[in-house]
Amino acid sequence: TPDADILSNSETPQAKAMAWSLDDRTKYNIEVPVRVGVRYALATLYYATNGDKWLNNTNWKSGHECLWNGVYCDLDANNIVSVTILNLVTNNLDGSIPEEIGYIESLQRIELGSNQLVGPIPQTFSILYELRTLSVSDNQLSGEIGANIDGLTKLTNLDLASNRFRGHVPHGLGGIPTLSYVRLSNNRFTGAFPTSFISLNNLHTLLID
């Protein structure tokens, strides 16, 4: 986080993750900047969502991050291991999604459905340009979607159902040609549904209410 005030408060998830990260770098001799950042971001999620009480937190905060429950990795074009999937469905996550997750630029799938997540989708998700799947259904997420998603040009699956999202469904979603599955039902959206969805030639499932 760029906010120094957040890091200066030892009770914030970011400050707890930073303290852990400083010790972690020494313990595991991790010097690759990208890995340090990714581990910090994941640790922030852990602290922000009461990770000690997750149903399964196997290996979290110890050893290689690719061995942490729900974290999956691939080799990129430069043979560098990158975190590509975060799948913590039905795992008793209780809290908000920290903006730091949006800085794990290699993420292709985020699956956090059926938890107790609250608050908005982080604005930093707008820069997850490799993201194909965003599934956060059956939580208590709220706020407006805005431009947090409509710039994700590789997105194929979007599931925001059964939350407390409000406002208009963004017109920009209709400009993501790769979208094939969209589930927006059981929210608090208002206004007319965007006509831009007509141009989504790959869309085979659209669930709204």
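Visitor: Hi! Which residue is the bridge partner of Asp74 in strand 2?

Guide: In this predicted model, Asp74 has Ser82 of strand 2 as its bridge partner.

Visitor: And how many bridges join strand 1 to strand 2?

Guide: Five bridges join strand 1 to strand 2, and the two run antiparallel. They form a hairpin with five residues between the strands. Asn79 in that hairpin takes a positive phi near 60 degrees.

Visitor: What holds strands of a sheet together in general?

Guide: Strands of a sheet pair through backbone hydrogen bonds, and the pairing can be parallel or antiparallel.

Visitor: Okay, what is the order of the strands in the open sheet of seven?

Guide: The order is 1-2-4-6-8-10-12, and the pairing is mixed. Strand 1 (71-75) and strand 12 (205-207) are at the edges; each has a single partner strand, so one side of each has no neighbour in the sheet. From one strand to the next, the twist averages 15 degrees.

Visitor: New topic: how many disulfides does the structure hold?

Guide: It holds one disulfide. Cys66 is joined to Cys73, with an S to S distance of 2.0 Å. The link of Cys66 and Cys73 is left-handed, with -100 degrees about the S-S bond.

Visitor: Let's look at pockets. How much space lies in the largest pocket?

Guide: About 320 Å³. The lining of the largest pocket has 19 residues, and Val34, Asp76, Val81, Ser82 and Ser106 lie nearest its centre.

Visitor: What about the second largest pocket, what volume does that have?

Guide: The second largest pocket has a volume of about 160 Å³. Residues that line it include Val169, Leu184, Phe189, Phe193 and Asp209. By class, its lining has six nonpolar, three polar and two charged residues.

Visitor: Which residues form the covered face of strand 9?

Guide: In strand 9 (residues 164-167), Phe165 and Gly167 make up the covered face, while Arg164 and Arg166 make up the uncovered one. In a regular strand, the side chains alternate between the two faces of the sheet.

Visitor: How many bridges join strand 7 to strand 9?

Guide: Two bridges join strand 7 (residues 140-143) to strand 9, and they run parallel. Ser142 has Arg164 of strand 9 as its bridge partner.

Visitor: Then which residues in strand 11 are the bridge partners of Gly167 and Arg166?

Guide: Phe189 is the bridge partner of Gly167, and Arg188 is the bridge partner of Arg166. Strand 9 and strand 11 (residues 188-189) are joined by two bridges and run parallel. Phe189 and Arg188 are also among the residues that line the second largest pocket.

Visitor: Last one: where does Asn50 lie?

Guide: Asn50 is in the loop between helix 3 and strand 1. With a relative accessible area of 33%, Asn50 is partly exposed.

Visitor: And what separates the C-alpha atoms of Asn50 and Thr195?

Guide: A separation of 40 Å. Along the chain, Asn50 and Thr195 are 145 residues apart.

Terms used:
Residues are numbered from 1 along each chain as its sequence is written. This is a predicted model: local features need pLDDT of at least 70, side-chain atom pairs count only at pLDDT 80 or more; totals for chains, interfaces and linings use all residues. Side-chain values use heavy atoms; hydrogens and water are left out. Two strands pair if DSSP finds at least two bridges between them. Helices (H or I, at least four residues) and strands (E, at least two) are DSSP runs, numbered from the N terminus. Axes are lines fitted to C-alpha atoms, for helices over the stretch in contact, and angles run from 0 to 180 degrees between N-to-C directions. On a 1 Å grid over the protein atoms alone, a cavity is a set of points where a 1.4 Å probe fits but cannot get out, and a pocket is an open set with protein on both sides within 12 Å along at least five of seven lines; lining residues have an atom within 4 Å of a point. Grid points are joined across faces, edges and corners, and a volume is the space filled by probe spheres set on the points. Ala, Val, Leu, Ile, Met, Phe, Trp, Tyr, Cys and Pro count as nonpolar, Asp, Glu, Lys and Arg as charged, and the others, Gly among them, as polar. Buried means under 20% relative accessible area, exposed over 50%, partly exposed in between (1.4 Å probe, protein chains only). A disulfide is a pair of cysteine sulfur atoms within 2.5 Å.
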